Amino acid sequence: MLLDTVIVLDYGSQYTQLIARRIREQKVYSEILPWDTPLEKILAKSPKGIVLSGGPNSVHAPGAPGISEGLLNSGIPILGICYGMQVLAKALGGTVERGKTAEYGRATVTFYRNNPLFEGLSETSTVWMSHWDQVLKLPEGASLLAESHEGVLAGFAGEGGKIWALQFHPEVVHTREGVSILRNFLFSVCACKPDWDLGEFVESMKEDIREKTGEQRIICGLSGGVDSSVAAVLTSQAVGDRLECIFVNNGLLRQNEAEEVLEAYTALDLKVHYVDAGERFLEALRGVTDPERKRKIIGETFIRVFEDIAEKVGGAVWLLQGTLYPDVIESGHQGKGAAVIKTHHNVGGLPEDMELRLLEPLRDLFKDEVRAIGKILGIPRNILGRHPFPGPGLGVRCLGEITQERLETLRKADAIFLESLRQEGLYDSIWQAFCVLLPVRTVGVMGDIRTYAEAVALRAVEAQDGMTADWARIDPVILDKVARRICNEVPGVNRVVLDITGKPPGTIEWE
Ligand code: XMP
């Protein structure tokens, strides 16, 4: 790939992803690597610039992340942000200490503007600070770039114009002139060309896939979700029918889901082997009520079914997965959490002796970028806009024993809830909504007759990434309609309750 690239080294900041996004928003390609990535691996990417992210540590903590001498002397322009500034200051012989006047959040700074990083900026501006430690003494030969009104050293430039450091966060919206600073770093300091374009990038990704896989065959487990669909369509457009997809119906899908997903895939020209393994899954789950056991059984059965089919398809060397950046990065809480969640969903649990090589074309991207790529590839909205759905499917929403009959009840209730949200125009603004069938029966009265039937819980949440969530405040008038429709139209249900638990303390799924 000939694109100008800026590497963001991740020191664990909650804003690391944001830095990479802001750079891409300026049409410069950016990739995140863990802070301790070996120098050769960084240099192999021929970066035009390096950004050191912030991070929660103190540079004085035992084993605190640092920076290699080789990188400092590489001649590649480096911009350290917050912890990144402290790392640079310490490495270059400055003094870093816990500040006397901690500035946390909004601060006003004066920019000393006779340098390329601050060109075109106001003299004073609002910035966002977020760390206790501060640089108290600049490294020798460094010049002061900015100072806060509380007297904090807010930025410095190293001798030679290759090292730049800021105590505040230019990537957050609260830093009023942050975008200008990042632009100056990219275009004046690093001399990057703004040549990152999602459309062209999609083409270069296809080229990469072709180069990597040569004439070899690829298999992919499709789930109907956004990530695997985008990965499959991208790869299929790159290599044609050397890609074979497998869509396993585990019998735990939502109402009409298998048909809808298959229809969508046919329209997308994907070669899909459909396996109806519903019976096999239900048989394996018979009598099981413990959530963890359910998950394990579903995961294992999936692998066995997938292996059987992969063998029949035969000759595949590569296993395509829709892994995204949050699943990949090992430093930082987000990646860790997401990776664990994905084990069931992607076929990440496949035994090593399958000897398939992993193909993960989306591994540097975020969900919204993947959705944008999906749009470029011509994937319809009904796939791209779908709510996340867990690998174990309705298995973890049908609490208690999973039977065909109870799954049918749950499907009907769930379809009513989702249909109502679509009708009310709420589906797209909600992260995820679904019904849970409870292992409880309650007494009711319908048509003067006593009933003793099951209860359904409505779960709808707002979230950014699913790691935390709040319950969605749906208009009670709509909830009322949904509850009445479920009791009237779904045999075996006489009570509907609403889940108003956030995450934490709850999780989004009930099991
Ligand atoms: P929780 O329930 O952990 O869910 O708050 C967070 C997000 O992850 C989805 N989820 C899963 N996705 N395989 C998946 O692919 C799983 O086993 C799994 N469990 C939960 C959940 O739907 C929510 O979006």
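**View 1. The residues around the ligand.** In this predicted model, the ligand sits among 15 residues, and the closest of them are Arg295, Gln432, Lys503, Ile508 and Glu509. Sorted by class, that shell comes out as six nonpolar, six polar and three charged residues. Which helix gives the most to the shell? That would be α12 (residues 333–345), which puts in three residues.

**View 2. Polar side chains at the ligand's oxygen atoms.** Zoom in on Glu509 and you'll find a polar atom of its side chain 2.5 Å from a ligand oxygen. Gln432 also brings a polar side-chain atom to an oxygen of the ligand, here at 2.7 Å. For Arg295, an N or O atom in the side chain is 2.7 Å from a ligand oxygen. How much of the ligand's accessible area does the protein cover? On its own the ligand has 490 Å², and the protein covers 90% of that.

**View 3. Helix α7, end to end.** Now for a look at α7, which takes in residues 226–239. Is α7 largely enclosed or largely open to the outside? It's largely enclosed by the rest of the structure, because 13 of its 14 residues are buried.

Definitions and conventions:
Residues numbered from 1 in each chain as written. Predicted model: local features only at pLDDT ≥ 70, side-chain atom pairs only at ≥ 80, totals over all residues. Heavy atoms only, no water. Near = heavy atom within 4 Å. Polar contact = N/O pair within 3.5 Å; in protein donor to acceptor, adjacent residues only side chain to side chain. Areas by Shrake-Rupley, 256 points an atom, 1.4 Å probe, with all protein chains shown as cover. Helix = DSSP H or I, 4+ residues; strand = E, 2+ residues; numbered from the N terminus. Nonpolar A, V, L, I, M, F, W, Y, C, P; charged D, E, K, R; others polar. Expected span 1.5 Å × (residues − 1). Buried < 20%, exposed > 50% of the residue type's maximum accessible area, 1.4 Å probe, protein only.
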